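Work through the exercises below with the model open. Each task is followed by its solution in steps.

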Amino acid sequence: MNFVDLIIKKRNKLELTTDEINYFVKAVTNKSVPDYQISAMLMAICINSLTERETSDLTMAMTYSGKTIDLRSIPGFKIDKHSTGGVADTTTLILAPLTASLGLPVIKMSGRGLGYTGGTLDKLESIPGFNVNISSENAIKQVKEHSIVIMGQTEDLAPADKYLYALRDVTGTVDSIPLIASSIMSKKLADGADGIVLDIKCGRGAFTKTLKDARALANEMIKLGRSLNKKVTALITNMDEPLGMNIGNSVEVIEAIEVLKGNVKGPLKEVSLALGAEMLTMGGIAPDTHTALQMLEENISNHKGLYKFADLIALQGGNPAVIDNYSLFPPRMCKAAIISDEVGYVQEIDALMIGKASSTTGAGRKTKDDEIDYGAGIMLKRKVGDKVAKGEILARVFASDSKKCETACSLVHKAIKIGSKPPRRKPLIYEIIK
C-alpha cells in the first residue's frame with residue numbers, strides 16, 4: 001500500500017478498509033512514515049470523520065498495536081475511569097484514592113495534557129519524586145497489595161495511540177469524536193479493566209461543545225466497550241466553566257488534597273463523588289448510588305481517602321509530606337491579581353479561555369517537546385453566580401516571568417464576565433448513560 005494514497009482517499013471523504021486502517025496503525029507503530037504524513041492523515045480524519053466501522057477498526061488496531069495487560073490475578077471487579085479532558089478537572093486525584101480506600105482495586109492509566117486541558121500525569125509529577133512510569137508487572141503487584149496505582153501509558157501498551165496522542169496535541173486534531181473515542185477506548189481495552197466509567201465533558205472548555213456531540217461520543221464508546229463485553233457508564237458533565245478553582249499542575253494537586261481533607265465543596269467534589277459512586281456500584285462495593293455517596297463522604301470525613309492518597313504518593317516515590325506542607329511543591333514565581341472593576345454577579349467564566357491562559361503561564365504545552373512549569377497556573381477566587389464588589393480579587397495568576405503573567409492576566413480578565421443580575425445556572429451533570 002501507498003500511505004499517500006490513503007491520505008488522499010480519506011481527504012476525498014472515502015471509507016478506509018479494515019486492511020488500510022491496520023496498515024495506517026502499523027505504519028505509526030513501526031515509524032515507517034514521517035510525522036508530516038501521519039499529521040496529514042489525522043487532519044483528513046478530523047475534517048471528514050470516520051464511520052462506525054472505521055472507528056471500531058481503528059480502536060482495535062491501536063489496542064493490539066502492543067501488549068495488553070492481564071488483570072485476572074487481581075481479585076474483584078477492576079474499574080478504570082476516564083475524562084475526555086476539561087479545565088481544572090482534578091477528579092482522578094480525588095476519586096482514585098477515595099474508591100481505593102473503600103476496597104475497590106484501582107488501576108488508573110492516565111495521560112499528559114492535551115491542547116489546553118491538563119494531564120493527570122503532569123499534575124502528579126509536580127509532587128517531588130513522584131514516578132508515573134510503572135511497569136505492568138509492578139502495577140499489578142501494587143494494586144494487589146495496596147488497591148491503587150496511577151500510571152502512565154507504558155511503551156508497549158497501545159503504542160500507536162501514544163504516538164498519535166502527542167501528534168494530535170500539536171496539529172489541531174484534538175477535537176474529533178472518532179479520534180477521541182478510539183484513543184480512550186484502545187487504552188482502556190488494552191489495560192484489561194472489567195468496567196469503565198467515562199466523564200464526557202460538554203461545553204466551551206470541552207472537545208465536545210454541544211450535548212448532541214457529547215451524547216454521540218458517549219454512545220460511540222459504550223458501543224465499543226459492549227463489543228468486547230466491557231461494562232461502560234458515561235456521565236455527561238458541564239464544562240462551560242472550570243470544574244475546580246485551581247488551574248495548573250501543583251495548584252490542582254493542592255485543591256484535590258483540600259477536597260480529601262473535607263475543606264472544599266462545590267462542583268469539583270460533586271462530580272468526583274458522582275463518578276466514584278458509579279465506580280463503587282459497578283464494582284459491587286455499594287448496592288446503590290445513595291449508599292455509595294454516603295460511603296465516599298464518610299471516607300472524606302475520616303480522612304481514609306486522604307491517607308490512601310498519601311500512600312499512593314509514597315508508593316510511587318513521591319514525598320507524602322506535601323499533604324500537609326504545600327511549600328514542598330515547585331515555587332510560584334511571578335504573581336499577579338485580576339481585580340473586579342465593577343459591582344455585580346459573575347455571569348460566566350469561559351473555561352476555554354481560562355485553559356488557554358493557564359497554558360500561557362507555562363502550565364501546558366504548545367509543542368510535544370515543551371517542558372511543563374509545575375508551579376505556574378491560575379487560582380480563581382470567585383465562581384459563576386458569586387456576588388462581587390468593585391476592587392475585589394477575582395483570580396491570581398502565577399508564571400515564571402512577567403511577560404507570561406501579563407499575557408495570561410489579559411486572557412483571564414476577558415474570560416470573567418460580570419453582570420448586574422444573578423445568572424441562570426446550567427446543570428452540573430446533564431445525564432448518565434449506561
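**Exercise 1.** Which residues does Glu-241 touch, not counting residues up to four places away in sequence?

*Solution.* The model is predicted. Start with the contacts: Glu-241 touches Ile-349, Ala-351, Lys-383, Val-384 and Arg-425. Next, take the polar pair. The side chains of Glu-241 and Arg-425 are joined by a polar contact of 2.9 Å.

**Exercise 2.** Classify Glu-241: buried or exposed?

*Solution.* Take the relative accessibility of Glu-241, which is 18%. The cut-off for buried is under 20%. Glu-241 therefore counts as buried.

**Exercise 3.** What is the strand order of the open sheet of four strands, and which strands stand at its edges?

*Solution.* Read the order: S6-S9-S11-S7, with antiparallel pairing. Now find the edges. Strand S6 (246-248) and strand S7 (334-339) each have a single partner strand, so one side of each lacks a neighbour in the sheet. From one strand to the next, the twist averages 15°.

**Exercise 4.** How many bridges pair S6 with strand S9 (residues 377-380), and what is the partner of Gly-248 in S9?

*Solution.* S6 and S9 pair over three bridges, in the antiparallel sense. In S9, Gly-377 is the bridge partner of Gly-248.

Definitions and conventions:
Residues are numbered from 1 along each chain as its sequence is written. This is a predicted model: local features need pLDDT of at least 70, side-chain atom pairs count only at pLDDT 80 or more; totals for chains, interfaces and linings use all residues. Side-chain values use heavy atoms; hydrogens and water are left out. Two strands pair if DSSP finds at least two bridges between them. Helices (H or I, at least four residues) and strands (E, at least two) are DSSP runs, numbered from the N terminus. Axes are lines fitted to C-alpha atoms, for helices over the stretch in contact, and angles run from 0 to 180 degrees between N-to-C directions. Buried means under 20% relative accessible area, exposed over 50%, partly exposed in between (1.4 Å probe, protein chains only). A polar contact is a pair of N or O atoms within 3.5 Å; within protein, one must be able to donate a hydrogen and the other to accept it, and residues adjacent in sequence count only if both atoms are side-chain atoms. Contact means heavy atoms within 4.5 Å.
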